[in-house]
Amino acid sequence: LPLMLAHENTILKSAACATAVSNGFAEIVAKRNGLTVYTVSHGYDADATEGPYPAGNDIFNIVYTGGLVLGNPDFRPLLDAIGNLIERNQIDKKDIRVEFFGGGNERSIANIFHNHKYAELIVNYGAVSRSDAIRRQRGAALLLLASHPGINGWITSKMFEYFVPFRPVISIQKE
């Protein structure tokens with residue numbers, strides 16, 4: 001701890017202000033160093049975490065926000081599972097949808113779901129504003145997280161973004 005405090009003192013000696021991830025840390029750093037310390041709550045805007053949630057949906061929507069460019073995620077097992085539920089008459093296909101919000105995903109979505117019997121359940125909305133993506137996350141029945149085949153234990157930063165809307169998260173990894 002003394003070494004860490006010495007580094008903190010050295011680094012902050014020439015700073016006009018600093019940021020911290022919580023009010024508690026901000027108070028400690030401000031008191032120790034006589035600086036103005038701003039809080040960026042674990043990297044999230046209050047606008048993303050405050051306010052009412054959208055009204056419930058008429059369908060069970062599984063939502064992915066962002067780009068599908070890294071890691072070659074395979075969401076096909078998700079659609080296979082949904083298909084199995086439909087074929088067993090446990091859900092009606094008009095009551096479920098997998099929604100993608102993010103620019104440049106067309107090719108990846110086409111590659112993942114090519115020739116799938118239930119590809120019609122996939123809806124690609126394309127690029128949306130940050131505020132709309134947050135609204136869509138908050139209105140999701142389930143948030144979809146991309147895993148990275150062949151890299152066990154990999155957790156993307158998207159997981160931390162998905163904590164904010166307080167919605168269940170599912171990640172599909174094909175072995």
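This is a predicted model: local features need pLDDT of at least 70, side-chain atom pairs count only at pLDDT 80 or more; totals for chains, interfaces and linings use all residues.
The chain holds seven helices and seven strands. Along the sequence, these elements follow the pattern α-β-α-β-α-β-α-β-α-β-α-β-α-β. Of the 175 residues, 35% count as buried. The accessible surface comes to about 10,900 Å². Carbon and sulfur atoms account for 56% of that surface.

The largest nonpolar core has 28 residues. Within this core, Phe75, Ile82, Phe100 and Leu144 have the most contacts. Six elements each supply at least two of its residues: strands S3 (60-65), S4 (96-101) and S6 (142-146), and helices H4 (76-87), H5 (106-113) and H7 (158-163). The largest share, five residues, comes from S6. Phe75 illustrates the packing. Leaving aside neighbours within four places in sequence, Phe75 is in contact with Tyr64, Leu68, Phe100, Ile112, Phe113, Leu144, Leu145 and Ala146. A second core is separate and has seven residues. Among them are Ala18, Ala26, Val29 and Leu35.

Nonpolar side chains also occur at the surface. Leu1, Met4 and Leu5 form a nonpolar patch there. Together, these three residues have about 340 Å² of accessible area. Met4 lies in helix H1 (residues 2-12). The relative accessible area of Met4 is 61%. Met4 therefore counts as exposed, since the cut-off for that class is over 50%.

Conventions:
Residues are numbered from 1 along each chain as its sequence is written. Side-chain values use heavy atoms; hydrogens and water are left out. Patches are made of residues with over 30% relative accessible area and no salt bridge: like charges are joined within 9 Å, nonpolar side chains (Val, Leu, Ile, Met, Phe, Trp, Tyr) within 5 Å. Accessible areas come from the Shrake-Rupley method with a 1.4 Å probe; for residues, only the protein chains shown count as cover. A salt bridge is a side-chain nitrogen of Lys or Arg within 4 Å of a carboxyl oxygen of Asp or Glu. Helices (H or I, at least four residues) and strands (E, at least two) are DSSP runs, numbered from the N terminus. Buried means under 20% relative accessible area, exposed over 50%, partly exposed in between (1.4 Å probe, protein chains only). A nonpolar core is a set of buried Ala, Val, Leu, Ile, Met, Phe, Trp, Tyr and Cys residues joined through side-chain atoms within 4.5 Å. Contact means heavy atoms within 4.5 Å.
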